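Me: I am new to this structure and would like to know what stands behind the words used for it. Please set each value against its definition.

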Amino acid sequence: MPRKMPDSSYQALSDDQNVTASEIRVERSAPDRNRDPESDVTEARKKIAMMQRGGIRPEFIILAIVFIVLPLFGYIFYRNILYQIDQFFGAFNSHPCTFSSRDPISGETSEWDLTGLSRTADQCPSGTKCRDYAVAREDEVFFLNVCRHTMQKPQPCRELLGDSGVKPAIGYQTADGVCYRMGQLAGPQWGLLDRRHPEMGLKLTYTGGSKCDGDTDRSTEFRFECDPDAGVGMPKEVFGDCEFVVRWRTAYACPMQQSTILLFLFWGPLLFGLYLVAGFVYNVAVLKLIPDVEAVPHIELIRTAGTYLVALASLAWERAVALAPGLQDAWEAVAARIPFRLRGGSDTFFPVRSQRNW
């Protein structure tokens with residue numbers, strides 16, 4: 001016969017056959033004072049039995065919070081994780097245009113997202129032709145893109161090498177009879193312009209371009225300088241011959257601050273959730289406990305925390321209704337459209353008016 005797990009949180013009232021009407025505090029308006037007290041006891045017992053059969057138990061509320069918080073805050077690390085995966089498998093036509101840096105002293109993490117600087121075909125209005133960034137320097141023209149290959153192969157390159165002979169690149173150095181690739185998309189290297197002052201901006205370096213002087217590959221370092229009023233901005237200057245430096249003032253180079261509390265809200269529930277899963281497996285596999293909710297580590301503590309949470313939610317609702325009575329009518333309109341069992345088999349959190357005096 002399977003073990004029946006005791007549940008002190010719910011059975012105290014329902015199993016007590018000696019409960020009397022005097023033990024239940026009931027607030028009644030004047031018309032209700034003539035009601036039979038025993039009916040209150042019966043209604044209370046029905047209420048508790050219903051919560052046991054179909055209600056949301058307090059421990060389930062805590063467990064749901066733990067496992068729902070993870071996806072809610074997972075987006076914080078999504079772009080960084082995606083970037084690391086992309087770094088591992090290599091890049092093809094583009095790579096995630098994000099970067100983060102943590103201050104070892106303050107613990108604050110700064111993030112950048114330069115996706116808005118990449119030029120793609122979907123950004124172009126219908127019927128128009130998108131162009132890459134272009135910077136002129138004397139008799140040379142540089143065609144550039146950020147975090148992606150250039151959208152077009154420059155005309156001088158196609159005339160010199162043919163369309164099939166022009167390999168993809170993040171930029172091209174062109175002149176009369178000249179076409180050089182300025183770097184490959186794979187293996188981008190991120191960094192700060194000044195490690196002591198992340199707010200100044202960041203740099204992004206590409207290597208593996210066309211040979212320069214027979215031995216050195218051409219490379220390109222984008223230096224994105226923070227200017228909150230610059231918007232997207234434009235690459236203004238290109239320096240160097242083999243190791244190019246592109247200067248670019250843009251608002252996208254200004255970091256987005258990430259509070260350490262968000263990091264805790266991600267890693268805290270994650271580690272706690274892993275602990276609960278590992279503890280459950282251990283209790284069932286090693287200690288031979290029945291695989292139910294009682295095998296979850298510290299279930300009594302979790303249940304107590306859930307009970308307090310329910311009480312606080314109910315108290316907050318009562319205070320809110322006292323300040324804004326219209327909330328009760330709004331909730332009743334919503335609750336009337338929700339099946340009773342989907343509300344947890346009860347109206348514990350936000351009771352409808354007809355059941356407020358049980």
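**Terms and values**

Me: Why is cysteine 179 counted as buried?

Reply: Cysteine 179 has 12% relative accessibility. Buried means under 20% relative accessible area, exposed over 50% and partly exposed in between, taken with a 1.4 Å probe on protein chains only. Because 12% lies under that limit, cysteine 179 counts as buried. This is a predicted model, in which local features need pLDDT of at least 70 and side-chain atom pairs count only at pLDDT 80 or more, while totals for chains, interfaces and linings use all residues. Residues are numbered from 1 along each chain as its sequence is written, and side-chain values use heavy atoms, with hydrogens and water left out.

Me: What makes cysteine 157 and cysteine 179 a disulfide?

Reply: Their sulfur atoms lie 1.9 Å apart. A disulfide is a pair of cysteine sulfur atoms within 2.5 Å, so this pair qualifies. The link is right-handed, with 95 degrees about the S-S bond. It connects distant parts of the chain, 22 residues apart: cysteine 157 is in helix 4, and cysteine 179 is in strand 6 (residues 178-181). Helices (H or I, at least four residues) and strands (E, at least two) are DSSP runs, numbered from the N terminus. Cysteine 157, at 0% relative accessibility, is buried as well.

Me: How many disulfides does the structure hold?

Reply: There are four. One of them joins cysteine 97 and cysteine 147, with sulfur atoms 1.9 Å apart. These two cysteines are 50 residues apart, cysteine 97 in the loop between helix 3 (58-89) and strand 1 (98-102), cysteine 147 in the loop between strand 4 (140-144) and helix 4 (155-161). The relative accessible area is 4% for cysteine 97 and 1% for cysteine 147, so both are buried. Another disulfide is that of cysteine 212 and cysteine 242, with 1.6 Å between the sulfur atoms.

Me: Why are strand 3 and strand 6 said to stand at the edges?

Reply: They belong to an open sheet of four strands in the order 3-4-5-6, with antiparallel pairing. Strand 3 (133-137) and strand 6 each have a single partner strand, so one side of each lacks a neighbour in the sheet. Two strands pair if DSSP finds at least two bridges between them. Strand 5 (residues 171-175) and strand 6 are joined by four bridges, so they meet that condition. Cysteine 179, in strand 6, is the bridge partner of threonine 174.

Me: How do you know that helix 6 and helix 7 pack?

Reply: Two packed helices are described by the angle between their axes and the distance between the axes. For helix 6 (residues 299-323) and helix 7 (residues 326-335) the values are about 120 degrees and 6 Å. Axes are lines fitted to C-alpha atoms, for helices over the stretch in contact, and angles run from 0 to 180 degrees between N-to-C directions. Trp317, Ala320 and Val321 in helix 6 meet Leu327, Gln328 and Trp331 in helix 7, where contact means heavy atoms within 4.5 Å.

Me: Which element has the lowest mean pLDDT?

Reply: Helix 1 (residues 8-14), with 42, whereas strand 11 (residues 219-226) has the highest, 96. pLDDT is the predictor's confidence in each residue, from 0 to 100. The chain averages 75. Over residues 50-54 pLDDT stays under 50. Where pLDDT is low, the predicted coordinates should not be read in detail.
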